[in-house]
Amino acid sequence: MTAVRAVRAPRAGRAARIVRAGVRAGLGALALPALLAAAPAPAIGPAPASASGPASGGGWSAAPAAGRPYVYLEGAAGSVLTDTLSVTNPTAAPLTVRLTGDAAPAPVTFAARTVTVPARTRADVPFTVTVGAGTPPGDHRGALRAEAAAHTTARTAAARTAVVPLHLRVSGPRLAALTVEDVRVERSGTVRYTLVNRGTTTLAPRLAVRADGVLGTVLDRPERPLPLTLRPGERATRTEPWPDPPALDAVTVRLTAAAPGAPPATARAAASFASAQGLAAATAALLAGAGAVTYTAYALRRRKR
């Protein structure tokens, strides 16, 4: 891997050099305004980008080489991808940073884990991203982090950590596949289930819920989007509330999950509900029915007599 390269930051601009030359020549306070008027005015523009682009704080910054807003790498599974992270220290004191990174499921390795950047200097640190042979195709997200040492933070009041986004695209066939697993109905009526992304693309799932009992449908919720996205291989366990389940019934709950480009996935679970109120009502109905039958039989016998 290429070694860390330090680049000295540029010195003072033309305006500052003219002012210093005028003072040294003994022009004094009268000549100084004329020199400043003759010097070109400094350009005034927005501050360097931070957070979403090159991360900075307290005067120092970390960014991809060539001023890109984030690191973008693309390659097939089993490849090793390389790039460079630039740490710029415009302050008057040395800066020591610790470099780490992740681009799950591909590890990030820097040429040097700890780098000391002299004052007014930029350090270019190469790094590699190793894409495993079993990495699924698709888009993966990660980040590079530069953490300032404690003594550096105390001396320069610099931000502790600078974060640079990393976008990794693994080439290969694109497949959208979604499954519903581990469906079960709790006593309270809450439905618990797990969604699994079995494909190679990021999915935005949708879910429909239906429950059928002995006497018909007791729950019917149309398909609606869920507030989550699933990356390739990612799984999410969720719950579906059912605040008014039947008091006495045997039901079959059916979940149907769908996502753009993926075939619908269905899973079922059986459940029985028998609350105290439901049992009491059922017992009262049975006793009433039995009483009615007994009375009817008695009336028929008296009529025959």
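User: Before we start, what does "buried" mean here?
Analyst: Buried means under 20% relative accessible area, exposed means over 50%, and partly exposed lies in between. Take Phe273: its relative accessible area is 7%, so Phe273 is buried. Keep in mind that this is a predicted model.

User: Where does each of the two lie in the chain?
Analyst: Trp242 is in the loop between strand 16 (235-240) and strand 17 (248-259). Phe273 is in strand 18 (residues 262-274). So the pair ties together parts that are 31 residues apart in sequence.

User: Is Trp242 buried or exposed?
Analyst: Trp242 counts as buried, at 2% relative accessibility.

User: How many aromatic pairs does the search find?
Analyst: The whole structure has 2 aromatic pairs. Phe110 and Phe127 form a pair with ring centres 5.5 Å apart. Their planes are at 45 degrees, so this pair is tilted.

User: And where do Phe110 and Phe127 lie?
Analyst: Phe110 belongs to strand 7 (residues 106-110), and Phe127 to strand 9 (residues 121-130). The pair therefore ties together parts 17 residues apart in sequence. Phe110 is buried at 5% relative accessible area. Phe127 is buried too, at 0%.

User: New topic. How many residues are in the largest nonpolar core?
Analyst: That core has 30 residues. Phe127 is one of those with the most contacts inside it. Others in that group include Trp60, Leu99 and Leu144.

User: Which strand gives the core its largest share?
Analyst: Strand 11 (residues 161-171) does, with 5 residues.

User: What does Leu144 touch?
Analyst: Leaving out residues up to four places away in sequence, its contacts include Val71, Leu85, Val108 and Leu166. Phe110 and Phe127, the tilted ring pair, are also among the residues Leu144 touches.

User: OK, charges now. How many salt bridges are there?
Analyst: The search of the whole structure finds 14. In general, side chains of opposite charge can pair when their charged atoms come close.

User: Show me one. What does Arg160 pair with?
Analyst: Arg160 forms a salt bridge with Glu147, with the closest N and O atoms 3.4 Å apart. Arg160 lies in the loop between helix 3 (150-156) and strand 11, while Glu147 lies in strand 10 (residues 138-148). The two are 13 residues apart.

User: Are those two buried, exposed or partly exposed?
Analyst: Arg160 is partly exposed at 40% relative accessibility. Glu147 is partly exposed at 32%.

User: What about Glu181?
Analyst: Glu181 bridges to Arg198, and their closest N and O atoms are 2.6 Å apart. Glu181 sits in strand 12 (residues 178-185), and Arg198 in the loop between strand 13 (191-197) and strand 14 (206-213). So this pair ties together parts 17 residues apart in sequence.

Terms used: Residues numbered from 1 in each chain as written. Predicted model: local features only at pLDDT ≥ 70, side-chain atom pairs only at ≥ 80, totals over all residues. Heavy atoms only, no water. Core = buried A, V, L, I, M, F, W, Y, C linked by side-chain atoms within 4.5 Å. Buried < 20%, exposed > 50% of the residue type's maximum accessible area, 1.4 Å probe, protein only. Helix = DSSP H or I, 4+ residues; strand = E, 2+ residues; numbered from the N terminus. Contact = heavy atoms within 4.5 Å. Salt bridge = Lys/Arg side-chain N within 4 Å of Asp/Glu carboxyl O. Phe/Tyr/Trp six-rings, centres within 6.5 Å; stacked < 30°, edge-to-face > 60°.
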